[in-house]
Amino acid sequence: MHTLIKSLLILVVIINSVAYGQDRFPDGTVIPDWFHNTDGVNIDKLGKHYVITDYGVINDSTQVQTKKIQAVIDTAAKNGGGVIVVPKGVFLSGSLFFKQDTHLFLEENGVLKGSDDISNFPVVMTRIEGESVTYFPALVNADNLDGFTISGNGTLDGNGLRYWKAFWLRREWNPDCTNKDEMRPRLVYVSNSKNVQIENIKLKNSPFWTTHFYKSEYVKLLNLTITSPKEPVKAPSTDAVDIDACQNMLIKNCYMAVNDDAVALKGGKGPHADEDPNNGENRNIIIEDNTYGFCHSALTCGSESIHNYNIIFRRSTVDSAHRIFWLKMRPDTPQTYEYITIEDIKGSVRSMILIKPWTQFFNLKGEESMIKSYAHNIKMKNIKLTCEIGFNIVDSDQYKLSDFTFENIKLETSNGQLENTESIENLILNNLKIDED
């Protein structure tokens, strides 16, 4: 019996090793074990717990207590680090800046809520919409940290309603106003950091982008609920996750429903964006086992993006999204989207894939002609959808599409538009079933 059990255990190890060995990025490289480890944060191993109400912070949702909460973070950092604990209650704050070896833990029914007064968010040098500029920080900020975590069962609430109303009022007055013209903070901004894990919490009602990661690596987002409304007041540009010049990221077991893109890959914009050291590529990104409610697109390349490489989007359900996959092709930016795989997706969307020239707020900066972009080695397979449009692909001299594979696709649609794929060079179509009503 002992020998049999030992043999079975060895067999399990072999099977798991083979499975992991076969789990590869689109370019064929083996996915490292780091992506398979989803162990949770153990705050008892992160140092002393600093419950903010033990340090002068009052459980009063009407008082902005930025300075007092920041003082707790600073005290923890001075003493070698620790966990900043938000207990049950609603605590109002402006921008908070976490330091090395400090962490955030939100207890169940504990809410860290952003102020709806922009004056509580100081103007700083930051990164927004593909540019490094002076703008407003997020509610929670982490820069140049190794090992930062946010965990618990509580909530980060961006308190965005006042910002959204102001934005739409400004847009009514000036239809050409940009996203930045109405001053709005983000909810979480992590930059120049590594070994970051955010898990289990709820993030809602962000005034602007919900989470934004810039030049960071080894980042895991696990079991998150990220939401913002599409009605009665639309929450403009509240992307769930913006990945900006990052590598080695895992987004797993999350629910995302926002009034813009769920996951957007960014990295820079402009005719010479690929030469600017502030910009960069996104590489080795896995987005898996998630559920999506309403959003403009479950996965988007752009609009501020120069190079996305080795991207996997898989094993997910989408309900009422506009699109599964959107390639935003800017006329003012050299873009290359390559080695991207979307697989094992089901649900309902407006269109399965959208590729077209981007026309909003671009600037050739004196260049006489558009900048040509490229998308290649793109694969979509094992997809079952109800949709209005299947292949929403616009042919354009602005970009070149090549080496696309569509395999095991089943669409219930009134408008498959499969003929739109004819502009793709080296196209592989295998086992497509399009039921047009």
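The lining of the largest pocket is made of 10 nonpolar, 12 polar and 18 charged residues. In this count, Ala, Val, Leu, Ile, Met, Phe, Trp, Tyr, Cys and Pro are nonpolar, Asp, Glu, Lys and Arg are charged, and the others, Gly among them, are polar. The model is a predicted one, where local features need pLDDT of at least 70, side-chain atom pairs count only at pLDDT 80 or more, and totals for chains, interfaces and linings use all residues. Residues are numbered from 1 along each chain as its sequence is written, and side-chain values use heavy atoms, leaving out hydrogens and water.

How are such spaces found? Rolling a probe the size of a water molecule over the atoms shows where empty space is left. On a 1 Å grid over the protein atoms alone, a pocket is an open set of points with protein on both sides within 12 Å along at least five of seven lines, a cavity is a set where a 1.4 Å probe fits but cannot get out, and lining residues have an atom within 4 Å of a point. Points are joined across faces, edges and corners, and the volume is the space filled by probe spheres set on them.

| Space | Volume | Lining by class |
|---|---|---|
| Largest pocket | about 860 Å³ | 10 nonpolar, 12 polar, 18 charged residues |
| Second largest pocket | about 260 Å³ | 6 nonpolar, 4 polar, 7 charged residues |
| Largest cavity | about 30 Å³ | 5 nonpolar, 3 polar, 1 charged residues |

Let's look at the largest pocket, which holds about 860 Å³ of space. Asn179, Ser237, Asp260, Trp358 and Gln360 are the closest to its centre among 40 lining residues. Two or more lining residues come from each of α3 (161-173), β21, β25 (307-329) and β26 (336-357); β25 gives the largest share, 4 residues. These helices (H or I, at least four residues) and strands (E, at least two) are DSSP runs, numbered from the N terminus.

Strands pair if DSSP finds at least two bridges between them. β21 pairs in the parallel sense with β18 (residues 241-244) over 4 bridges, with Asp242 opposite Ala264. It also pairs in the parallel sense with β24 (residues 297-301) over 4 bridges, where Leu299 is the bridge partner of Val263.

In the second largest pocket, Phe25, Pro26, Thr341, Lys379 and Lys381 lie nearest the centre.
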